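Please consult the sequence and structure shown below alongside the text.

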Amino acid sequence: MFLFSSRVFHLVTTTGYQRHLLRQKGWMIALIMFLSLFEIAISQNQSYDPETTQVLQLLYQDGHVVIDNGIFQLTLSNPEGFVTGVQYNGIENVLAFTGHENDRGYWDLVWNFPGKKTKKTKGTLDRIEATKMEVITQNDEQIEISFSRTWNASSNVTVPVNIDKRFVVLRNSSGFYTYAIFERLQGWPAVEIDNIRLAIKLDKDKFDYMSISDERQRYMPLPDDRIPPRGKPLAYPEAVQLLDPIEPEFKGEVDDKYEYSMESKDIKVHGWISTNDSVGFWQITPSNEFRSAGPLKQFLGSHVGPTNLAIFHSTHYVGEDLIMKFEEGEAWKKVFGPIFIYLNSFPKEVDPLLLWHEAKNQTKIEEEKWPYNFTNSIDFPASDQRGHVSGRLLVRDRYVRSEDIPANGSYVGLAAPGDVGSWQREYKGYQFWSKADEEGYFCINNVRSGRYNLYAFVPGFIGDYHNETVFDISPGSNTCLGELVYEPPRDGPTLWEIGVPDRTAAEFYIPDPNPMFVNKLYVNSSDNKYRQYGLWERYSELYPDEDMVYDVDVDDYSKDWFYMQVTRKQADGGYNGSTWEIKFQVDDIVENLTGNFKLRIALATSNVAELQVRVNDVSVDPPLFTTGQIGKDNTIARHGIHGLYWLYSVDVPASSLGLGCNSIYLTQPLAISPFQGLMYDYIRLEYPDSVNHIT
């Protein structure tokens, strides 16, 4: 049987790809394509015999070690542990040739001693240059190499962390695995870490097509296009308008790496294709257990360079709450990875863009193999050294349904013991998440030994579930929790509501971008419209004289509620805050009510902002409620639709409301930047509980 034809058969017979073909021309095209690819595979004569495979070799060259398994060749600097070369499918090196060879593939971090950071710096960038190379495993099946660096207590210029970078190549594997072990010992000085990542830079003259999801893939401009005078920096350095790109098709577009960020739960495979060579270069992440801040945390991935990033920890879309802070003397150890760097290829006669689908198939294979059993480190436990947790989550809201509701589609996870919602700010340990089925059943597999709380959030309901029980997971344990009940915040029946409680602002009105500043990938993409540049400026254009007024009885939040409450730009170049008004009617039932209405406000993000709430008097001071200054998510500038989740409950005295028309005013007063503001997830006003008995 031919290896290539079996891969193609797997590709064209997957359900997703069949649906794609049906949308195009139907099954006739599918049949023609399959027969054509099968014929090509035969002509290539790529036979596969497990008994006749290439020899796995470890070679030593001047200042380098080379691992060659006959499919590809990996070159690493010795003893630094930088990825300097990847030879594959006739390409001498798929990596970038510009600059120093140590700038092609590397682990790095950004760190500081507490109190040393200034406003003009983001910290000290450390390329993690190792000082020792060691062969951990070398046999016919695999080679694993360690590049390590031990912290010297006499040094004040290196991060006080021991770091061990590992690279693994398997026999008959079209790619390599990499992971790193970070460790602090007791007694070491305090330190702060902002960012931990693996960066790989590819040959810009070859890799021209980027794929990060089925919907988000395109031909990309060159890094040269970003440099003046070809490119013009916009409101911040990452955003550049392409004025005179080398390829005219990109002229006028905005390029910004943050337009391609992704949620952790969705970062499974992303990478680049050399369309002329029909070669793909992919990063596959079969588990996100080692990433910080849970499944909704957003990270960078691939972007112009061509650059391929594996971000293990960052403060993006959260801010300083996610700076890893270690106290004086605090010990810590964590394994980041492994991830798989995968290379694939097709014959020149095959559409190279199909390499994306084959990479997705390989991702499924890697997920099934997780946790890997070939890594040679006691710090990465195999499956039989891990535990499992299962149960069923129900939602109890007597104002929605009299019986308990299965938590369909909820995310249920284990993270370090903490408070309600603390998982979204947690970074020192591991997190394990699972999506519940239609009946609310969940199963969290392959959990590392340790102590955890159980957390969850449920689409359609505000707030977070938190089980305060500390679960001690041990190797081989199987913990069944039975039925768990989440009672979301609720005092009474709903008077009115705005939005959908899903932790994002995606359901609200997102304007078209200024046609002068677009990314063509998102022009006709309703799901990614918010990723366009400059949408914060559209608010002042749409509301030039007065702020937004929303009538709950008339307006539609998908058309009439602007998705972010931002500052208003003034003619003199300065900014003003904004006050939004929510109008609603109260009937004569209010005459019989005592106590408080309850205003629930769920925020999807906040960036150096404050939310003030007033009722029926926009000028009263102090306001009924204020959050104070909250958040440094920077979601607005980074084209996001959510950052950290915030939930507030505000008592609104019944005596403050009158018969007929009433107004609630939402003021964001802080205004020194266009990127200050809020995004709302959901707003609800509840009657006092007594109305349930009156009616």
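**Salt bridges and burial**

E253 and R218 are both buried, where buried means under 20% relative accessible area, exposed over 50%, and partly exposed in between (1.4 Å probe, protein chains only). The model is predicted, so local features need pLDDT of at least 70 and side-chain atom pairs count only at pLDDT 80 or more, while totals for chains, interfaces and linings use all residues. Residues are numbered from 1 along each chain as its sequence is written, and side-chain values use heavy atoms, with hydrogens and water left out.

**Ionic pairs**

- The structure contains 38 salt bridges, a salt bridge being a side-chain nitrogen of Lys or Arg within 4 Å of a carboxyl oxygen of Asp or Glu.
- One of these joins E253 to R218, with the closest N and O atoms 2.9 Å apart. This pair links distant parts of the chain, 35 residues apart: E253 is in the loop between β15 and β16, and R218 is in strand β13 (residues 217-219).
- Helices (H or I, at least four residues) and strands (E, at least two) are DSSP runs, numbered from the N terminus.
- D108 and R197 meet through their side chains in a salt bridge of 3.0 Å, N to O. Because D108 belongs to strand β5 (residues 105-112) and R197 to strand β11 (residues 191-201), the pair ties together parts that are 89 residues apart in sequence.
- R392 pairs with E483 in a salt bridge whose closest N and O atoms are 3.1 Å apart. R392 lies in strand β25 (residues 387-395) and E483 in strand β32 (residues 478-486), so parts 91 residues apart in sequence are tied together.
- Within that pair, R392 is buried, with a relative accessible area of 14%, and E483 is exposed, with 51%.
- A network of salt bridges links D491, K598, R600, D651, R684 and E686.

**A three-strand sheet**

- An open sheet is formed by three strands in the order β14-β15-β16, with antiparallel pairing. Its edge strands, β14 (231-233) and β16 (254-255), each pair on one side only.
- Two strands pair if DSSP finds at least two bridges between them; three bridges join β14 to the antiparallel strand β15 (residues 240-242).
- V240 in β15 is the bridge partner of P233.

**The annotated region**

- An unreviewed UniProt entry carries the annotation "domain: Rhamnogalacturonan lyase" for residues 408-480 and 494-685. UniProt positions follow the numbering used here, feature names are shortened, and annotations may be inferred rather than shown by experiment.
- Residues 408-480 are 0% helix and 49% strand, with the end C-alpha atoms 19 Å apart.
- Residues 494-685 are 5% helix and 38% strand, and their end C-alpha atoms lie 6 Å apart.

**Surroundings of N662**

- N662 is located in strand β44 (residues 660-668) and counts as buried, at 1% relative accessibility.
- The N662 side chain reaches the backbone oxygen of G658 at 2.7 Å, and one of its polar atoms lies 3.0 Å from the backbone oxygen of G660.
- Apart from neighbours within four places in sequence, N662 is in contact (heavy atoms within 4.5 Å) with residues including I582, K583, F584, V586 and N616.

Notes: A polar contact is a pair of N or O atoms within 3.5 Å; within protein, one must be able to donate a hydrogen and the other to accept it, and residues adjacent in sequence count only if both atoms are side-chain atoms.
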